[in-house]
Amino acid sequence: MLLSIWKTNLRKFTIDLNIDSVSYNKANEEKKSKAFFFRLVELLSVDLTKKELEKVKEKHLRELSFSLAKANGFFESYSPKEGKPFYNSFRNALRVKRAAESERMWQNVVEKWKKSFSEKLELAVKEYKDLIDGEKRIKIIQNSAKIGWFFSPDVISKMRFRSSSNISSRSIYEKIRKMYSSPEKLVEMSKKWFDVKYFSRRKKIIRSIISAYERKELELAIYALLPQTEGVVWDFLSHTNPMEGEMEEMIKFQNRKFVTVEAVMRMIMNMVSREDKIPFYRWVKFAEYDDLDHKLNRHAIEHGISSRFGTKENFLKLFLFLDFLHFVISKMKVKSESVREVIRMSNITHNVKEILSEIPEYVHLVAAAKTRTAEEIEEAIRAGVKIIGENYVQEAQNVFPLVKEKAEWHFIGSMQKNKINKIIRIFDMIETINSFEMAEEVDKRCAKIGRIMPILIEVNSGREPQKSGVMPEDVKEVVIRISTLKNVRILGLMTMGPRTGEPEEARPYFKLTKEIFDEIKEAQIPNVSMKFLSMGMSNSYKVAIEEGANVVRIGTKIFGERIYKK
């Protein structure tokens, strides 16, 4: 947060120079650049009304635009012409800067997705090779793949070869022809495909392709079968692809493909045979249609290949490749949820870095991790979070063994006496001590394990009967009583304040708590170190910092909306 005093021809105003995503998106709803700038400034200002903004002279607005450009890292690209309105130039420079940020985020998501996909593909191929059983058979499938033959484990288990090196396409075809050339055998093979949704939606056309093969319409059957191999791969990718979900808006603006079918097929082939050439693309060309009779134009087939193109051998190669794809895809088990998880992780990194850039260095960020997974927490830690806040002991027990000393742990939930033994073994600080009696109980338990527990006193600044916490007028007395305990150490205060829709509505409660904090600090009570004032959450942390908070507890703004298990 870069709070600045802005001098105008009217009076001094306080403005937050950091342009956050929420303010930018709201302002960007305005069509005209001037309206965009006015809306943005209104959203960023602390005490400026729209009517006052309209009366500010343009020279002051121009000066502010330069301050905003410097604070948000696009000063170099912002060069409005002297004597002319600056609004278009400002908006364009800011748009370019945010587009660059989106690009970095996009690349992060792409790289993580590709890594995740590649790892799952490697596991599927490893399982494939394990099922093949034996070094000789692995060499057979590698050598077979180099000449365009791919087999599922079920097919390869029925084949017998004297040697793994002297393999020709013709010798393989002779074996396959005996086992699978009849339409009935192909129908039988394809039945198992339809347990995978990417295949089941193609059941009718695959049956029709087999019928065309039976009628010896081989070129037509092959031309119909090739798009099925590509279509299955693409359907599979599209259901595990950010393009189809949260990244859709970014795709609209960036107009790019996430990953191509051909690239994935090359990955599969390379993992199986150490070759990345796709044999089918060499002998199956895209068909053209004659405008008059709507029949296949055989002249579209590459010269010299047409005589070998419509053969049973080529059809069976392609059909068995589809059988092989079914095995690989069914084993990968990559679901759309896993992709949303990749995006969620990328967003966590982005959100943490944005928040850390906004808040002063002296402010400690506590990531409120209620309902969050160990993976989400670790991602926040990698992005720069040093303190994790947990509301529930059970959730902390589930994730703590996986994360442990990678961060400091604060208990920020309601205290219960039957949970104290577990709390004092997991957490580095308790922020929610709400009475002398609770502090006394924590002190007793800590004495048994030889520990001094840092604590914050929770202040019920809104005097809400349904909430825990010490009433404002009683805080000093409670602090004095707790200070006599040997195994707890008061390090400051914490308040939630009433839940409000507008951050400004929380200001009086934060101000009150800061006054109590200062009063206790000035009293210099023995065994009390007033170091931390924990106030403010996702929607109110900026106001809390303005009122003196040096610890903020942020959950939704880091991790996104909570997803509760049904």
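## Salt bridges, strands and cavities in a predicted model

Lys406 and Glu378 form a salt bridge in which the closest N and O atoms are 2.4 Å apart. Lys406 lies in the loop between α20 (393–403) and β5, and Glu378 lies in helix α19, so the pair ties together parts that are 28 residues apart in sequence. The structure described here is a predicted model. Lys406 is partly exposed, with a relative accessible area of 49%. Glu378, at 19% relative accessibility, counts as buried, because buried means under 20% relative accessible area.

Helix α19, which spans residues 374–383, is mostly covered, with eight of its 10 residues buried. Among these buried residues are Ala374, Glu376, Ile377 and Glu379. After the helix comes Gly384, whose phi is positive, near 130°.

The salt-bridge count for the model comes to 22. In general, side chains of opposite charge can pair when their charged atoms come close.

| Pair | Closest N to O distance | Relative accessible area |
|---|---|---|
| Lys406 and Glu378 | 2.4 Å | Lys406 49%; Glu378 19% |
| Arg463 and Glu473 | 2.6 Å | Arg463 44%; Glu473 51% |

Arg463 forms a salt bridge with Glu473. Both Arg463 and Glu473 lie in the loop between β7 and α23 (475–482), so the pair ties together parts that are 10 residues apart in sequence. Arg463 counts as partly exposed, whereas Glu473 is exposed. Elsewhere, Glu504, Arg507, Lys511, Glu546 and Glu547 are linked in a network of salt bridges.

The strands may be described with β6 as the point of reference. Strand β6 covers residues 429–433, and five of its five residues are buried. Strand β5 (residues 408–411) pairs with β6 in the parallel sense over two bridges, and His410 stands opposite Met429 in β6. Together with helix α21 (residues 420–426), β5 and β6 make a right-handed β-α-β unit.

Strand β6 is also joined by two bridges to strand β7 (residues 453–459), and β6 and β7 run parallel. Ile433 has Ile457 in β7 as its bridge partner. From β6 the chain crosses through helix α22 (residues 436–449) to β7, and this β-α-β crossover is right-handed.

A search of the whole structure finds three cavities of 30 Å³ or more. The largest cavity has a volume of about 50 Å³. Its lining includes Glu458, Val459, Asn460, Lys467, Thr495 and Met496. By class, the lining of this largest cavity has two nonpolar, six polar and three charged residues.

Terms used: Residues numbered from 1 in each chain as written. Predicted model: local features only at pLDDT ≥ 70, side-chain atom pairs only at ≥ 80, totals over all residues. Heavy atoms only, no water. Buried < 20%, exposed > 50% of the residue type's maximum accessible area, 1.4 Å probe, protein only. Helix = DSSP H or I, 4+ residues; strand = E, 2+ residues; numbered from the N terminus. Pairing = 2+ DSSP bridges. Right-handed = clockwise from strand over helix to strand, strands pointing away. 1 Å grid on protein atoms, 1.4 Å probe; cavity = no way out; pocket = protein on both sides within 12 Å on 5 of 7 lines; lining within 4 Å. Points joined across faces, edges and corners; volume = space filled by probe spheres on them. Nonpolar A, V, L, I, M, F, W, Y, C, P; charged D, E, K, R; others polar. Salt bridge = Lys/Arg side-chain N within 4 Å of Asp/Glu carboxyl O.
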